Amino acid sequence: MRGLVILEKTWGPHHPSVAWGLNNLAAIYSAQRAYQRAEPLYKRALAIHETVLDSYHHHVALSLSNLAALYHDQGNNKPAAELFQRALDIEEKNVARTLTVASEGRRRSYALTLSWSLHYL
């Protein structure tokens, strides 16, 4: 919690670095099965990413996947499936865009990032 306060004071409450701090803290709570503490943090991180990044940004998809995983772990499968589908739609669009216009190095970098993300779903 203290680290999150430092991030907010340093970058402001709506910075992507704050969203990552929120995601990390929420992941800790999720691992402890403290879902009621994790959910608002995941939601706030998603709201930050949706506000400050392109709606099809990879970090938006990751935030959606994190919240979906939380719902899935709680047995809330309908909202989990909807959020996972939104994340998948974003990643599909990103793959198509990256494979058609990016350099070879950028395509490889994106493939590594995507494979890492999918590994943790």
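## Helices α3 and α4

In this predicted model, the axes of helix α3 and helix α4 come within 9 Å of each other and cross at roughly 160°. Because angles over 145 degrees count as roughly antiparallel, this crossing makes α3 roughly antiparallel to α4. The crossing of α3 and α4 is also left-handed.

On the side of α3, the residues that make the contact are Y35, A38, E39, Y42, K43, A45, L46, H49 and E50, while α4 brings H59, V60, S63, L64, N66, L67, L70, Y71 and D73. When the residues in the contact of α3 with α4 are sorted by class, there are 10 nonpolar, 4 polar and 4 charged residues.

## Helices α4 and α5

Helix α4 also packs against α5, and here the two axes come within 8 Å and cross at roughly 160°. The helices α4 and α5 are therefore roughly antiparallel to each other, and α4 passes α5 in a left-handed crossing.

From α4, the contact draws on H58, V60, A61, L64, S65, L67, A68, A69, Y71 and H72, and from α5 it draws on N77, P79, A80, L83, F84, R86, A87, I90, E91 and N94. In the contact of α4 with α5, the residues divide into 13 nonpolar, 5 polar and 2 charged.

## Helices α1 and α2

A further pair is formed by helix α1, which covers residues 2-11, and helix α2, whose axes come within 9 Å and cross at roughly 170°. The consequence is that α1 and α2 are roughly antiparallel to each other.

In this pair, L4, L7, E8 and W11 of α1 meet S17, V18, G21, L22 and L25 of α2. The contact of α1 with α2 holds, by class, 6 nonpolar, 2 polar and 1 charged residues.

## The largest nonpolar core

The largest nonpolar core has 26 residues, and among these L22, L64 and L67 touch the most other members. Two or more residues of this core come from each of the elements α2 (16-31), α3 (35-52), α4 (58-73) and α5 (77-101).

L22, for its part, belongs to the α2 side of the contact with α1. If its neighbours within four places in sequence are left aside, L22 is in contact with L4, L41, R44, A45 and I48.

Not counting residues up to four places away in sequence, S30 touches Y35, A38, Y42 and L70.

S63 lies in helix α4 and is likewise buried, with a relative accessible area of 0%. Again without residues up to four places away in sequence, S63 touches N23, A45, L46 and H49.

H58 lies in helix α4 and, at 10% relative accessibility, counts as buried. H58 and D73 are 15 residues apart in sequence, and the distance between them in space is 22 Å, taken from C-alpha to C-alpha.

H59 lies in helix α4 as well, but at 23% relative accessibility H59 counts as partly exposed. Although H59 and H49 are 10 residues apart along the chain, their C-alpha atoms are separated by 6.7 Å. Apart from its neighbours within four places in sequence, H59 is in contact with W20, H49 and L53.

## An exposed loop residue

R33 is placed in the loop between α2 and α3. With a relative accessible area of 66%, R33 is exposed, since a residue counts as exposed when this value is over 50%. The backbone of R33 has a positive phi of about 65°, although R33 is not a glycine.

Terms used:
Residues numbered from 1 in each chain as written. Predicted model: local features only at pLDDT ≥ 70, side-chain atom pairs only at ≥ 80, totals over all residues. Heavy atoms only, no water. Core = buried A, V, L, I, M, F, W, Y, C linked by side-chain atoms within 4.5 Å. Buried < 20%, exposed > 50% of the residue type's maximum accessible area, 1.4 Å probe, protein only. Helix = DSSP H or I, 4+ residues; strand = E, 2+ residues; numbered from the N terminus. Contact = heavy atoms within 4.5 Å. Axes fitted to C-alpha atoms, helices over the stretch in contact; angles between N-to-C directions. Parallel < 35°, antiparallel > 145°, perpendicular 65-115°, else oblique. Left-handed = near helix turned anticlockwise from the far one by under 90°. Nonpolar A, V, L, I, M, F, W, Y, C, P; charged D, E, K, R; others polar.
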